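Okay, thanks for making time, everyone.

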Amino acid sequence: MNEIAKVIESWAKATRENRKDDILANHVAELVIFDVLAPMKYESAVEYRASWDEWQPETEGEFQFDIEELNITEGNDVAFAHSFIRCGGTFPNGEVFHDLVRATFCLIKNAEQWKITHQHVSKPVELFQA
């Protein structure tokens, strides 16, 4: 696994394990995150971290948050990647949920370490039905 894949997998693992203080360990402080849930745009790691409790679902047992089909394009000091993220779990009331979202990551290399500068997680919605 290359270094960029390790950064993204580390983010996913921290999210899956609800390790709030580790989720943004490989992100720059002044980043932009477009997220699937409102408010849709965060302009810093601090702002995004503050929202975590508002949208992270409470689950019983293990929470699924798996990177699938990760594709990486890497330059000397800039890279981007895209993937799907398979989410799921069981709410405390026993209801099971599953979802599939898409994600794009932009990274820069600082002092020989890759950091995420932009992250975009989204899901298409059907606007019109026949």
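So, start at the hairpin of S5 and S6: 2 residues sit between the strands, and Ala111 there has a positive phi near 50 degrees. Strands here are DSSP runs of E of at least two residues, helices are H or I runs of at least four, both numbered from the N terminus. S5 and S6 run antiparallel, joined by 9 bridges; pairing needs at least two DSSP bridges between two strands.

Quick housekeeping: this is a predicted model, where local features need pLDDT of at least 70 and side-chain atom pairs 80 or more, while totals for chains, interfaces and linings use all residues. Numbering starts from 1 along each chain as its sequence is written, and side-chain values use heavy atoms, with hydrogens and water left out.

On S6, 7 of its 10 residues are buried, meaning under 20% relative accessible area, with exposed over 50% and partly exposed in between (1.4 Å probe, protein chains only). S6 also pairs with S1, parallel, over 4 bridges. What is the bridge partner of Ile33 in S6? That's Gln119. In S2, Ile33 has Tyr42 as its bridge partner, and S1 and S2 run antiparallel with 2 bridges.

Zooming out, the 6 strands make an open, mixed sheet, ordered S2-S1-S6-S5-S4-S3. S2 (41-42) and S3 (60-74) are at the edges with a single partner strand each, so one side of each has no neighbour in the sheet.

Last stop: Phe128, in the segment after S6, is exposed at 74% relative accessible area.
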